[in-house]
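Here is a short report for someone meeting this structure for the first time. Please look over the sequence and the model before reading on.

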Amino acid sequence: MTAATVQRARPSGFRISKRVLPYLLSLPALLVCIGILIPFLTSVVYSFQRYRLSQPWARQFNWGDNYISFFTDPKFWNTLQVSLLYAGITVVLELLLGLAIAMLLQKRSTLNNFISIMLLMPLMTAPALAALMWKLMTNPGFGVLSYLASLIGLQDFRWASSPSTALLTVVLVDIWVYTPFIMILLLAGLRSLPTQPFEAAALDGVPRSFVFFRITLPMLMPYILTATLFRLLDSIQQFDIIYAMTQGGPGDTLTVFQVEAYLNFFQSTNVGRSAALMIILWAITYFLSNIFIKNWLRLRERARGQA
Amino acid sequence: MEHTSLLERILRGIALTLVVIFFMFPIVWIFMMSFQTNETILRIPPQLVFEPTLANYTALITGKLMTAAGTLDIAFMRNLWNSVFLSVTSVAVALLLGVPAAYAFARHKFRGSEDIAFTLLSFRFAPALLVLLPLTLYFQKLGLANTYFGLIWVYQLICLPLILWIVRGYFEDIPADIEYAYRIGGHSWFATFRKIALPLAGPGIAAAGLLAFIFAWNNFVFALVLASADKQPVTVGALAFITSSGIQYGQISAAIVLSITPTLALALYAQRYLVEGLSLGAVKG
C-alpha cells in the first residue's frame with residue numbers, strides 16, 4: 001500500500017524511465033549472454049550434421065543419423081554407463097560421508113568450527129590441480145599412496161593407470177574435492193534447525209536412531225535434496241578431474257560424456273557426434289535442473305525469509 | 001544428548017581425526033614435496049624428514065631450471081599472471097554487468113524478469129563443452145581464439161550467474177521503504193542506487209566477487225579448449241608440466257602450491273559467505 005502511494009507522489013516524467021530502467025540495467029548482462037546462446041543453437045545444428053573437421057567438404061545434414069547410430073554404438077553405451085556410474089557412486093558416497101561429518105561437527109565449538117573451515121580447503125582447490133596432486137601421490141615410482149598400498153600387501157597397485165581401479169581412483173579424488181561441499185551445506189542446515197523437537201525428544205527419552213530418522217532427516221531433507229542435485233548436476237558433467245587424471249583412459253574406461261565429446265572433437269575431429277553427445281547430456285541436465293530449481297527456490301525463499 | 005559416554009567421545013574423536021587426515025593429507029604432502037629435491041622425492045620409503053630446499057620455487061619464479069643437460073625455460077610465471085589477469089578482469093566485468101542487473105531483478109518485477117534470471121542460472125548447469133566446442137570454431141573465424149578478450153567473455157558464464165543470484169538476494173534483503181524514503185527526498189534512482197543500495201549490499205557484493213574470483217581461477221576446461229600456451233592459466237599450465245620433459249616433481253609440487261594458495265587464502269577470508277555463495281544464495285551460513 002505504501003509503495004503505491006509513494007509511486008503516485010513521484011514527479012511525472014519518471015514513469016517512462018521506470019518502465020525502461022530495469023531492461024536498461026539488465027541489458028548489458030543479457031547481451032553478453034546472447035553471444036553464448038548462439039553456440040548452443042549451433043551445437044543443435046551440428047548434431048544433425050555429418051561434420052568432420054578433417055573432411056569439411058563432406059559436411060551435410062544427415063538429420064537424426066548421429067543419434068540413431070548411438071543405439072548400436074557400444075562406445076556410446078559405455079559413455080552413458082560410465083557417466084551414470086560415476087555420478088551415482090560419487091553423489092551417494094559424498095552424501096553419506098558429508099552428512100556424517102556434518103553431524104560430527106554440528107555442535108558449535110572452536111575446534112569444530114576450525115575443522116569445518118579446514119575441510120573447505122579441498123573444495124577450494126581447482127579440481128584439475130587436485131587431480132594433479134593425486135596423480136603425484138599415486139605415481140608408481142615414488143607416490144606416497146602407492147607406497148602405503150604396498151605396505152598393506154597391494155604390491156603394484158596401479159591406481160588410475162589400471163582399467164580395474166581407474167574409476168575407483170577418480171571417484172576418490174572427486175570425493176576428496178566435493179564431500180566438503182555437501183558437508184558445509186548440511187552443516188548450515190543442521191545448525192539452522194529449530195531446537196525444540198530435539199529437546200522434547202531428549203526429555204521423552206526417545207531413542208537416538210528414532211530422532212535421526214524421524215526428526216533430523218525429514219527436517220534436513222530440503223538441504224539434502226539441494227546439495228544432492230547440485231552435486232548430481234556437476235558430477236554427471238565431470239570433466240576436469242577425469243581429464244586431468246587419465247584423459248578418459250586407460251582405453252575408454254573413463255570416457256564420460258564431456259571427455260568423450262572433447263576427444264571426439266579434438267582427436268577424431270567428429271564434430272557431429274561430439275555435438276550429439278553434448279545435446280544428450282544437456283537433455284539429462286535440463287531434466288535434472290528443473291527438479292533442482294524447484295527445490296533450490298524453496299530453500300532460497302526460506303533463507304531470505306529468515307534474513 | 002549432553003550425557004555422551006566416554007566411549008562415544010573417543011569414537012567421535014577418532015572419526016574426526018580420520019576425516020581431518022584424509023582431507024588435509026594431500027595438501028600437506030604436496031606442500032612438503034615442494035621443498036624437496038628430486039632425489040629425496042624419489043627415495044623409497046617416502047621421507048618425512050628432509051632438508052628443505054627453495055630450489056623448486058627459485059626455478060619457477062626465475063623461469064630457469066638448471067639441469068645437467070643445460071638450462072630449461074619454465075613459463076609458469078606467465079601462467080600465474082594469466083590466472084591473475086583473467087580472474088580479476090572477468091570478475092570486474094561480471095560485477096559491472098551483474099550488479100545493475102541484479103538490482104533490476106531484485107527491485108523491479110518486470111515482464112520476463114524471472115525467465116531471464118533463470119536462463120542465466122541455467123548457464124551454471126549446462127555442460128560447458130556444449131557451448132565451448134562450437135565457440136572454438138566461431139572464435140577462430142572472429143579472430144578471438146587465444147585472446148584475453150575471448151576468454152574473459154566466456155568466463156562470464158562462470159562469474160555472471162554467481163554474481164547475479166547472490167547480489168540479487170542481498171538487494172532483496174534491503175527494505176524497499178528505505179529507498180522510497182530517499183527517493184521522496186528528491187533524489188534520482190541512480191543516486192538511490194549509489195548512495196543507499198550499493199553500500200547496504202556492499203558486503204554481499206564483495207563476497208560474490210571473491211567467490212566468482214575463486215571459481216574463475218579454478219576453471220580448467222574453458223582455457224584448455226580456447227587458449228594456447230601463452231594465454232593459459234595455472235590450471236592448464238601446471239597440468240602440461242607432467243608431460244613436458246625435464247621438469248621435476250618438486251617443481252610440479254611447487255607450482256601446485258603457488259596455484260592453490262590464492263584461492264585457499266581468499267576462501268579462508270571469505271569463509272563466512274562460502275555457504276551462501278556455493279548454494280547460490282539458497283542456504284545462509
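The report below goes from the chain contact to the domains, the core and a helix pair.

## The model

This is a predicted model. Keep that in mind for every value that follows.

## Two domains in chain B

The domain assignment divides chain B into domain 1 (6–73) and domain 2 (76–278). Over C-alpha atoms, the centres of these two domains of chain B are 31 Å apart.

The domains touch each other. In chain B, 17 residues of domain 1 are in contact with 14 residues of domain 2. Four elements of chain B each supply at least two residues to domain 1's side of this contact: helix H1 (6–33), helix H2 (38–42), helix H3 (55–62) and strand E1 (64–67). H3(B) provides the largest share, with 5 residues. By class, domain 1's side in chain B has 10 nonpolar residues, 7 polar ones and no charged ones.

## The largest nonpolar core

The largest nonpolar core holds 175 residues. Which residues have the most contacts inside it? They are A:Leu185, B:Leu162, B:Ile163, B:Val167 and B:Ala212.

Take B:Ala212 as an example. Leaving aside residues up to four places away in sequence, B:Ala212 touches B:Val91, B:Ala94, B:Cys159, B:Leu162 and B:Ile163. B:Leu162 and B:Ile163 are also among the core residues with the most contacts.

## A helix pair in chain B

Helix H11 of chain B (residues 234–241) packs against helix H12 of chain B (residues 249–269). Their axes lie 10 Å apart, at an angle of about 170°. Angles over 145 degrees count as roughly antiparallel, so H11(B) is roughly antiparallel to H12(B).

Which residues make the contact? H11(B) uses B:Val234, B:Ala238 and B:Phe241. H12(B) uses B:Ile252, B:Ala255, B:Ile256 and B:Ser259. In this contact of H11(B) with H12(B), 6 residues are nonpolar, 1 is polar and none is charged.

Note on methods
Residues are numbered from 1 along each chain as its sequence is written. Chains are lettered from A and ligands numbered from 1 in the order in which they are written. This is a predicted model: local features need pLDDT of at least 70, side-chain atom pairs count only at pLDDT 80 or more; totals for chains, interfaces and linings use all residues. Domain bounds come from an automatic or database domain assignment. Two residues are in contact if their C-beta atoms, placed from the backbone, lie within 7 Å. Ala, Val, Leu, Ile, Met, Phe, Trp, Tyr, Cys and Pro count as nonpolar, Asp, Glu, Lys and Arg as charged, and the others, Gly among them, as polar. A nonpolar core is a set of buried Ala, Val, Leu, Ile, Met, Phe, Trp, Tyr and Cys residues joined through C-beta atoms within 7 Å. A residue is buried if 20 or more other C-beta atoms lie within 10 Å of its own, exposed if 12 or fewer, and partly exposed in between; C-beta atoms are placed from the backbone. Axes are lines fitted to C-alpha atoms, for helices over the stretch in contact, and angles run from 0 to 180 degrees between N-to-C directions. Angles under 35 degrees count as roughly parallel, over 145 as roughly antiparallel, 65 to 115 as roughly perpendicular and the rest as oblique.
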